[in-house]
Amino acid sequence: MLYADVALPLPLQGLYTYSIPAEFQNSIKEGSRVIVQFGKKKFYTAIVFKLQKQKTNNLPVKEITTLLEDFPIVTGSQLKFWEWIAMYYMCSLGDVYRAALPSALKLESETKILLNPDFEAKEPFTENELKVFYSLSENKPLTISEIQKLSGITNVVPHIKQLVDKTAAYISEDLQDAYSAKKRVIVQLPPKYTEKDLHTIIEGLSRAKKQQHLFSSFVYLRESFDIITKKQLLEESNVSPTVLSELVKKGILEITGQEISRFDYGKTNLDSAYTLNVYQQKALKEIAESFKEKDVTLLYGVTSSGKTEIYIQLIKDAVSKGQQVLYLLPEIALTTQITNRLKLVFGNKLAVYHSRFNDNERAEIWNNLIKNSEIQVVLGARSAIFLPFNNLSLIIVDEEHESSYKQQDPAPRYNARNAAIMLGNICNAKVLLGTATPAIETYNNALSGRYGLVNLTKRHEEIELPHIEVINIKELRRKKQMKSILSPPLTDKIKEALNKKEQIILFQNRRGFSSLLECKNCSWTPHCQHCDVSLTYHKSQRLMICHYCGSTYNVPTVCPECQTPTLDNLGYGTERIEEEVSEIFPDASLARMDFDTTRGKKSYERIISDFENGVTDILIGTQMVSKGLDFDNVCAVGILNADNLLNYPDFRAYERAFQLMTQVSGRAGRKSKQGTVFLQTSHPANPVIAFVKHNDYESFYRQQMEERKIFRYPPFFRLINIVLRGRDGSLVDNASRQLSLSLKETFGDRILGPSRPPVSRIQSLYICHIMVKIENQASIQKVRENIFYHQNKILSSPVFKSVLLHYDVDPM
């Protein structure tokens, strides 16, 4: 007897053992997708992790219901990677499985299948499809197990999928997510006919003129096209679809579905890559030398130094050797510009993968990689690290410092940069980290020799770094010169730029119209009913919105506390900036790029394309505008409120502020001449402002390292944040206190807390944090085992059964 240990798409620790039916024992492999019954009625798509000849215990086991493919859909290196993610980030394999596999490849089936009463046969059925078809009912929905019994077929799911593809059946609820290939409907001659029969067929249709005309059109199109689509034939003949249906019924023509790709990026043209300048060529050579000794190398290049062109050369070298490359970006918005550049060079060897694609699009890329298609370059956001590579040689992590690489919710709460380094280790691939503002930990690893280090200090075409002008808005307000959100020097610069047909970027890292409403009379401010946070006012929607849980509230006309109409806006977000700028510059074309304006699938592309093509004069945005976007005509950047970046209760606040301000500054003066950055602040003496002004990363790094060493923060210590949540605040406090005391028995003063975070209730759940600070040399496995021991010791008590707990390893 053969057994399989499988992972289920559920937040459960460990693997579950099932026996393998005799008919699957020769075809099932590690990484195969199988349908298993879990519980009395529920069916899930499980992934086989291990095959073994004996059970690990004497408990009875269920049998695998069906095998979905006769080849593994998850590779061996992926399985190792999943296990590492689950171990390091302290979550279950089920959590990793749910994050890794596209939804369209997960069939969860307590769902019902129905016969389609309006079905018209267009394609022939196989024998097994007929058995399934006749077991279905027009009125009574059936589950997979019921169809399995009625049809007598064990491996029934592939045949159900075929019937759905042929529109013979409907699938309700979850199974509607099942992957279906994109097809085009083509018309062809049945195999029984040859070229000699065509004239005879035309003559035989002499009494049905429309059918004769349509068939003649078909014969005409065959002379020019190998494949004739239904749409093409109907347009050419200009007859109704019913005429075509009659020819199909007579057996003169056949209609079939032909699988086609959802993506077509054209032909590969490796010679179209740009020629590197002297500095880029030097950096490329140094990277190659570094990779001989180091598996990971940091490319530290100033903004607009042409790092992307170096990446393209590295990818080109790998592609020419038949190898695969993973190119990671922190933000979906960035894929718009870079995709267009990569398409020109790599054509259909390129695949783009991110969460804005629908389930079928993501599943198609997954399947293409499994089937060893021509895809050699994958460009994607953080989730692309889970794709099934078979010959991965290089991973590029662009803008490696970005916090967007960290998954926050749900589990696994992984950092794609760190995970990419482990993936490279598993796949024997080199990893290149690129940025103009390295993460403190990354730069420390490079200086200590753990990573290679390559510097690129010259901007493309040797354009100077932007001049940064620090504007003291506190002093301007004291002198009553600050009459709007824009300071007078910035307003003058915008006027000058508009007259010269140049473009401007205005950066404010807060969306909405105003941070909050406040009553002038009694100082009342509206708060979310489900979260301990004030509501942000969105004027365009006439709503107050909680940016933590998404709840919306109507704007009151009077203060609920004192019943006076004295509500006023405090603070400002991108929406309010857009309104004020449009009042000051009514003839300018404005665009706003934030979470609210980029919800649609094509919204990023539209905003970026309009700005790139000069349709938009002024782009107002949140941190989205700071991430590697490349515009030719931007002469000035306004950072409207540097203080809200600096005044945040987090040890990384200064690091993030420096990175954001430096990155957004780099959008100015990228092609033709030196740009100008107007940095508005009430605290110009803050040392971070000086570091940004002089582009002095090294001094900033040294200062941060001194502070972090004193207070035992990364890179000197590793952090694990233990998060407890529950609807009963006192119960969460009690559980946190007891768990903290228990942990201190093992970890001593390495345990900080429990403490309430700044926003201590989200979605009606109260939150407590316990921070664990661990020396870098400590064994991750032992730390994990000790923490789980204390968790089970305290939270196994029935008193705390409603308390939720998760771990955030290396929190950002």
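**Sheet and helix packing**

In the predicted model, an open sheet is built from six strands in the order 18-28-27-19-26-25, with parallel pairing. The edges are formed by strand 18 (467-472) and strand 25 (590-593), each of which pairs on one side only. From one strand to the next, the twist averages 15 degrees.

Within this sheet, strand 19 (residues 503-507) is paired with strand 26 (residues 618-621) in the parallel sense, over four bridges. Gly621 in strand 26 is the bridge partner of Phe507. Helix 21 (residues 653-665) lies across strand 18, strand 19, strand 27 (634-639) and strand 28 (676-681). Relative to strand 27, helix 21 runs at about 155 degrees.

A packed pair of helices was also examined. Two packed helices are described by the angle between their axes and the distance between the axes. Helix 24 (residues 729-747) packs with helix 25 (residues 780-795) at an angle of about 140 degrees, and their axes are 9 Å apart. Because of this angle, helix 24 is oblique to helix 25.

On the side of helix 24, the contact is made by Ala735, Gln738, Leu739, Ser742, Leu743, Glu745, Thr746 and Phe747. These residues meet Val783, Asn786, Ile787, His790, Gln791, Lys793, Ile794 and Leu795 in helix 25. By class, the residues of the contact between helix 24 and helix 25 comprise eight nonpolar, six polar and two charged.

Methods
Residues are numbered from 1 along each chain as its sequence is written. This is a predicted model: local features need pLDDT of at least 70, side-chain atom pairs count only at pLDDT 80 or more; totals for chains, interfaces and linings use all residues. Side-chain values use heavy atoms; hydrogens and water are left out. Axes are lines fitted to C-alpha atoms, for helices over the stretch in contact, and angles run from 0 to 180 degrees between N-to-C directions. Helices (H or I, at least four residues) and strands (E, at least two) are DSSP runs, numbered from the N terminus. Angles under 35 degrees count as roughly parallel, over 145 as roughly antiparallel, 65 to 115 as roughly perpendicular and the rest as oblique. Contact means heavy atoms within 4.5 Å. Ala, Val, Leu, Ile, Met, Phe, Trp, Tyr, Cys and Pro count as nonpolar, Asp, Glu, Lys and Arg as charged, and the others, Gly among them, as polar. Two strands pair if DSSP finds at least two bridges between them.
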